[in-house]
Amino acid sequence: MDVNLIFKIAAIGIIVAILNRVLTQSGRDEIAMMTTLAGTVVVLLMIIGMISKLFDTVRTMFQL
Amino acid sequence: MILKVIGGIMILSACGVLGIAAANKYSLRPKDIRRFRASIQMLETEIIYGCTPLPHAFNNISAKVEGPLKNFYSMISDELNGGCSYNLDTTWSKGVNKLVGETFLKSADKDLIAGFGKVLGSSDREDQKKHFELFYIQLKQHEEAAEEERHKNEKMYKTLGFLSGLVIFILLV
Amino acid sequence: MNHYKIHEVLKYMPKEIKGMIEKMQPLLLESMEEVRLRQNKPIILYGGGREYIIDKNGQLVFDPRNAYACTLEDIKNAVSLITNFSLYSFEDDIRNGFVTIEGGHRVGICGKAVLENGRIRTFRDISFINYRVARQVLGAADKVLNHIIKIDNSIYNTLIISPPQCGKTTILRDIVRQISGGIPSMGFKGKKVGLIDERNEIAACSMGLPKNDVGIRTDVLDGCPKAEGILIMIRSMSPEVIATDEIGRNDDAGAVLDAINAGVKIITTIHGSDIEDFLRKPALEKLHKNLFERYIIMSRRQGVGTLEAVLDINYKVLKNGLTKERNL
């Protein structure tokens, strides 16, 4: 559980939001959508390890 | 720690510069068109009011401008004077091709400017004046289109550049 | 002295045609007086009273079908070269049907006339070009000078009457040169000459410098209309002699009269074959009587520069017939 990770995710979120705004403003909606999608995927990749650990923890907890 | 910071700054500046370079294509084109139009206005004065023959006129203008335009006009002037060309159209086109490579003018601009070479110097004063006026109008249209593109793209590419740098930094750190 | 003149003219022809002509025999080439380009027709050169047709290798041919025919492209390029790529700066010249190129050579052009209010504004679609080689002949005036010079170191008001292409401009140029420079052999001290070179043919000024020798005491108004030029010259340069070529209009006559009344001597020329041609010109009526003191009639009868006759102020013949002339 890394504080850094939270900051990173937050930063990526903000950046994606700004990018989205700039891109829609200049009319490139499809690229904006793709950026948002990409951002989500990147964040997911970053925390996929933790999510799997979360599920493991829940499984072990309930099998107990 | 300090290495991270340096690395970060490097990534940020690299991506930022890329973004600015991409943006320049759009932000500097109107300026180049304007500069070119100013030089054409000088040419018109030389022709309509001074009746100066083209090779001399080009020389005079070359002395008054800077950068790629300077080379453009002096190259054409030299070729016409040197007797290696007897067709203004071909020499002008050659110069225009080179000019477009050295500035931010697009190929649409190139076609327009090259077309002017076909009528330059080949009719009397009144006719030339009309051609010049038409050319100004067309240049203005191109300039306005370029401004619009700039408005749409300049900010976008700059932002894109910096933010991508930031993202990469964050991902790597 | 004149061997480079044809090359001055060739510079204003499209490269390929120039190359073809340069392949001609050098001696023959240097005697050429005219080169004519016509669209879709052979190139014809004129020299010494004969015509020459060449093919694309510069060889003389006698059958026009074997000759090189000028293309529209050739003509367009020639016009570009003649006008220095700037048709607009030769508007007035083109309206008069010819352009004078560097060296004082006249290039005549023909095409479609563009009219405005019934007058010619310019020519379009030029498809006939005639290059006329101008030559300076030092000494061309020798045979007439003793008729023009007066005892008291002055000259007679002189009118040269000549058909086209007889060397009148050449002779006028030489008269100017010798009067301006002085003629030691005749005890004649040079006089201040004002030359109005409307068609840039006599002095052939280029960037202000005469390409032809017109004498050390000569001032040149280049490309200036005659009538105004004469008045300007009298007012500003205090000439003793005024020289100009081809007067023909009413205001030319008025200016000449003003000059004579101001005490300035005049040397000028008109187109014509004899004295009647002069007297029949209504526009020059004010000059008909008692103004010109010498009339010099020229022709081509024995080659360019043939002196037919010299008349005095009352049209009495002073000298008749032909003298032995130099080859011009």
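**View 1. B:Glu154 touches B:Ala23, B:Tyr26 and B:Ser27, leaving aside residues up to four places away in sequence.** Two residues touch, or are in contact, if their C-beta atoms, placed from the backbone, lie within 7 Å. This is a predicted model, in which local features need pLDDT of at least 70 and side-chain atom pairs count only at pLDDT 80 or more, while totals for chains, interfaces and linings use all residues. Residues are numbered from 1 along each chain as its sequence is written, and chains are lettered from A and ligands numbered from 1 in the order in which they are written. B:Glu154 sits in helix H7 (residues 125-172) of chain B. Helices (H or I, at least four residues) and strands (E, at least two) are DSSP runs, numbered from the N terminus. B:Glu154 is partly exposed because 19 other C-beta atoms lie within 10 Å. The cut-offs are 20 or more such atoms for buried, 12 or fewer for exposed, and in between for partly exposed, with C-beta atoms placed from the backbone. B:Leu3 is 151 residues from B:Glu154 along the chain, and their C-alpha atoms are 32 Å apart.

**View 2. Chains B and C make the most contacts among the two pairs of chains that touch.** Chain C brings 14 residues to this contact, and chain B brings 17 residues. Helix H4 (residues 72-82) of chain C gives the most to the chain C side, with three residues. That side of chain C has five nonpolar, six polar and three charged residues. Ala, Val, Leu, Ile, Met, Phe, Trp, Tyr, Cys and Pro count as nonpolar, Asp, Glu, Lys and Arg as charged, and the others, Gly among them, as polar.

View 3. Chain A and chain C do not touch. Their nearest C-alpha atoms are 46 Å apart.

**View 4. Chain C is divided into domain 1 (5-132) and domain 2 (142-320).** The bounds come from an automatic or database domain assignment. The C-alpha centres of the two domains of chain C lie 29 Å apart. Five residues of domain 1 are in contact with seven residues of domain 2. The domain 1 side has no nonpolar, three polar and two charged residues.

**View 5. Eight strands of chain C form an open sheet with mixed pairing.** Their order is S12-S9-S13-S14-S8-S15-S16-S17. Two strands pair if DSSP finds at least two bridges between them. Strand S12 (218-222) and strand S17 (317-320) of chain C are the edges, each pairing on one side only. From one strand to the next, the twist averages 15 degrees. Strand S16 (residues 306-312) of chain C pairs with S17(C) in the antiparallel sense over three bridges. C:Val310 has C:Lys319, in S17(C), as its bridge partner. Helix H8 (residues 226-237) of chain C lies across strand S9 (193-197), S12 and strand S13 (241-244) of chain C. Helix H8 of chain C runs at about 155 degrees to S9(C). Axes are lines fitted to C-alpha atoms, for helices over the stretch in contact, and angles run from 0 to 180 degrees between N-to-C directions.

**View 6. Chain C has a mean pLDDT of 86, with 96% of its residues at 70 or more.** pLDDT is the predictor's confidence in each residue, from 0 to 100. In chain C, confidence is lowest in strand S10 (residues 205-206), at a mean of 76, and highest in S13(C), at 94. Over residues 323-328 of chain C, pLDDT stays under 50. The model scores ipTM 0.77 and pTM 0.71.
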